Amino acid sequence: MTPEEHRPPAIAGNGPGGPDDGTSPDLLLAEPDQELARKAVARFAAAGLRTVVCHDGAEALLEAGAHHLRIVLLGAPLPVVDAARVTDLIARLHPVPVLVGAGPDGADEATAALAAGAVAFVARPYRAEEIVPLLLARLSDADAPKSLVVGDIELDAAGFHVYVRGRSLQLPVREFLLLRYLMERPNRVISRQELTKALWGTEKLDSNTLTVHVRRVRSKLQEGAGSCCTIDAIRGLGYRLESAPTGSAGTPSAPSRPIRSG
């Protein structure tokens, strides 16, 4: 590699500080395509997110050790050290949620990264509207409960894990955020406008988009995992997460297994 390729990764964003002032970035982006990285960082900066950028897995491990990161995004296929190995080592050495982004050429590596502990898969090239809500939710975690329990559902906000009666339930990023929002407000009707604003950052959204996401989460909870909780559609108002009484006959009690932290 040339000296230029070894230059320190830059930190971009609208927040205070710079690479030398000790201010930690919000996100580490390990993206081998430099033009793709530039476009992604510009979108993240527009949302006020500080990003440190590198272009291979070895650099990603170095930067993960050098900064107090909130989240890591790995582009697959990732050169030098692949995304699965980086995910595994970050989990062991510098625990922080890892997302993996891939197109068709990186699908196998992304699958291996998920098996190694990555919390979510996102499309590559990156869609800011998909990633930014997750990052902003992560930034608000300091004031939010680290774990939530509603009925037989446990949600680990720090580690981005969901369990139903102790069994892991895999949810994509947006579905995870939707369930988390409802679990923070159980037995309360949440308007469609509030949900779209919280999850997409806008009130102008194709009305079917929210409906599809709610249906997917509902199906995975009830049909896939057999949860006692329901997501009810309240006509003309919005949605409500309700739980059947736990511990009653024929209804499984909430699990006692402690939540894992991230």
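Predicted model: local features only at pLDDT ≥ 70, side-chain atom pairs only at ≥ 80, totals over all residues.

Student: Which residues are joined by cis peptide bonds?

Tutor: Again the background comes before the case: most peptide bonds are trans. Here a cis peptide bond joins A76 and P77, with omega about 5°. P77 lies in the loop between β4 and α3. Another cis peptide bond joins R124 and P125, and its omega is also about 5°. P125 has its place in the loop between β6 (120–123) and α5 (128–139).

Student: Let us turn to the other sheet. What is the strand order around β13?

Tutor: The order is β11-β13-β12, in an open sheet of 3 strands with antiparallel pairing. β11 (190–191) and β12 (229–234) stand at the edges with a single partner strand each, so one side of each has no neighbour in the sheet. The pairing of β11 with strand β13 (residues 238–243) is antiparallel and runs over 2 bridges. S191 stands opposite G238 in β13.

Student: Now the helices. How do I read the packing of α3 and α4?

Tutor: Take the angle and the axis distance, then the handedness, then the residues in contact. Helix α3 (residues 83–93) and helix α4 (residues 107–116) pack at an angle of about 15°, and their axes are 7 Å apart. Angles under 35 degrees count as roughly parallel, so α3 is roughly parallel to α4. Their crossing is right-handed. On the α3 side the contact is made by A83, A84, T87 and D88, and on the α4 side by E109, A112, A113 and A116. The residues of this contact divide into 5 nonpolar, 1 polar and 2 charged.

Student: At what angle do α2 and α3 pack, and how far apart are their axes?

Tutor: The angle is about 15° and the axes are 10 Å apart. α2 and α3 are therefore roughly parallel to each other. The crossing of α2 and α3 is right-handed. G57, A60, L61 and A64 of α2 make the contact with V86, L89 and I90 of α3. By class, the contact of α2 with α3 holds 6 nonpolar residues, 1 polar residue and no charged residues.

Student: And what of α6 and α7: at what angle do they cross?

Tutor: The axes of α6 and helix α7 (residues 192–200) cross at roughly 130° and come within 10 Å. That angle makes α6 oblique to α7. The crossing of α6 past α7 is right-handed. In α6, R174, L177, L178, Y181 and L182 meet E194, L195, A198, L199 and W200 in α7. This contact of α6 with α7 has 8 nonpolar and 2 charged residues, and no polar ones.

Student: One feature is left. How many salt bridges does a search of the whole structure find?

Tutor: The general idea is that side chains of opposite charge can pair when their charged atoms come close. The search finds 11 salt bridges in the whole structure. One of them joins D26 and R70, with the closest N and O atoms 3.0 Å apart.

Student: Where in the chain are D26 and R70?

Tutor: D26 is in the loop between β1 (11–12) and β2 (27–30), and R70 is in the loop between α2 (57–66) and β4 (71–76). The pair links distant parts of the chain, 44 residues apart.

Technical notes
Residues numbered from 1 in each chain as written. Heavy atoms only, no water. Axes fitted to C-alpha atoms, helices over the stretch in contact; angles between N-to-C directions. Helix = DSSP H or I, 4+ residues; strand = E, 2+ residues; numbered from the N terminus. Parallel < 35°, antiparallel > 145°, perpendicular 65-115°, else oblique. Left-handed = near helix turned anticlockwise from the far one by under 90°. Contact = heavy atoms within 4.5 Å. Nonpolar A, V, L, I, M, F, W, Y, C, P; charged D, E, K, R; others polar. Pairing = 2+ DSSP bridges. Salt bridge = Lys/Arg side-chain N within 4 Å of Asp/Glu carboxyl O.
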